[in-house]
Amino acid sequence: MDDDAYYPDDAGGSPHTALLGSEFVAFDAATLTATMRFTVKREMCTWRGGVQGGLVAGYLDDVMGYAFVAATGGEMAPLNLDISMSLIRLIPEGATIIGKGRVVKPGRRVVFLEGELLGEDGTLYARSTSTALPTPRPTPTTTGMG
């Protein structure tokens with residue numbers, strides 16, 4: 001990919017990855033669970049000193065989505081129908097958070113996912129569930145954006 005505003009080299013294949021500071025850690029095929037690490041950037045925070053609520057959903061969406069992508073060997077990606085989340089506590093600026101995303105039930109027509117965000121010490125920050133459609137994994141070429 002070209003290093004430009006839409007597809008920077010550090011985006012890991014998708015522009016949102018660089019924004020979120022996403023880093024893949026592991027995938028457990030037995031439990032269909034993905035683990036990711038995120039570094040909270042100042043741009044994600046409000047004046048309260050923590051991540052803005054809607055942006056917390058971005059972290060959760062990323063780790064739940066990656067669980068499904070990994071479970072399908074990179075062939076498929078979820079297209080969300082809904083995401084429900086509980087914000088347990090403020091995620092502070094500069095924190096390193098661990099995301100756990102799991103495929104609860106993969107189906108041909110609907111996929112059920114869940115996720116959580118934890119501090120490195122195990123502190124629970126947020127939980128989510130998602131219902132999604134399984135779709136072929138998009139690329140810049142297939143979407144016309146590359």
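1. Overall surface. The accessible surface of the protein chain is about 8,300 Å², and carbon and sulfur atoms hold 53% of that. Areas are by the Shrake-Rupley method with a 1.4 Å probe; for residues, only the protein chains shown count as cover.

2. Ground rules. This is a predicted model: local features need pLDDT of at least 70, side-chain atom pairs count only at pLDDT 80 or more, and totals for chains, interfaces and linings use all residues. Residues are numbered from 1 along each chain as its sequence is written, and side-chain values use heavy atoms, with hydrogens and water left out.

3. Fold. The protein chain has 3 helices and 6 strands. Along the sequence the pattern is α-β-β-α-β-β-β-β-α. Helices (H or I, at least four residues) and strands (E, at least two) are DSSP runs, numbered from the N terminus.

4. Of the 146 residues in the protein chain, 36% are buried. Buried means under 20% relative accessible area, exposed over 50%, and partly exposed in between (1.4 Å probe, protein chains only). Among contacts with a separation of 6 or more, 59% are between residues 24 or more positions apart. Contact means heavy atoms within 4.5 Å.

5. Sheet. The 6 strands form an open sheet in the order S1-S2-S4-S5-S6-S3, with antiparallel pairing. S1 (22-28) and S3 are the edge strands, each pairing on one side only. Neighbouring strands are turned by 25 degrees against each other on average, direction ignored. Two strands pair if DSSP finds at least two bridges between them.

6. S4 and S5. Strand S4 (residues 96-105) and strand S5 (residues 111-119) run antiparallel, joined by 8 bridges. Lys 100 stands opposite Glu 116 in S5.

7. Helix H2. Helix H2 (residues 53-71) lies across S1, S2, S3, S4, S5 and S6, at about 140 degrees to S3. Axes are lines fitted to C-alpha atoms, for helices over the stretch in contact; angles run from 0 to 180 degrees between N-to-C directions.

8. Pro 134. This residue lies in strand S6. Pro 134 counts as buried because its relative accessibility is 17%. Pro 134 and Val 111 are 23 residues apart in sequence, yet 6.4 Å apart in space, C-alpha to C-alpha. Beyond neighbours within four places in sequence, Pro 134 contacts residues including Phe 68, Met 76 and Val 110.

9. Leu 79. Leu 79 sits in strand S3 (residues 76-87). Leu 79 counts as partly exposed because its relative accessibility is 49%.
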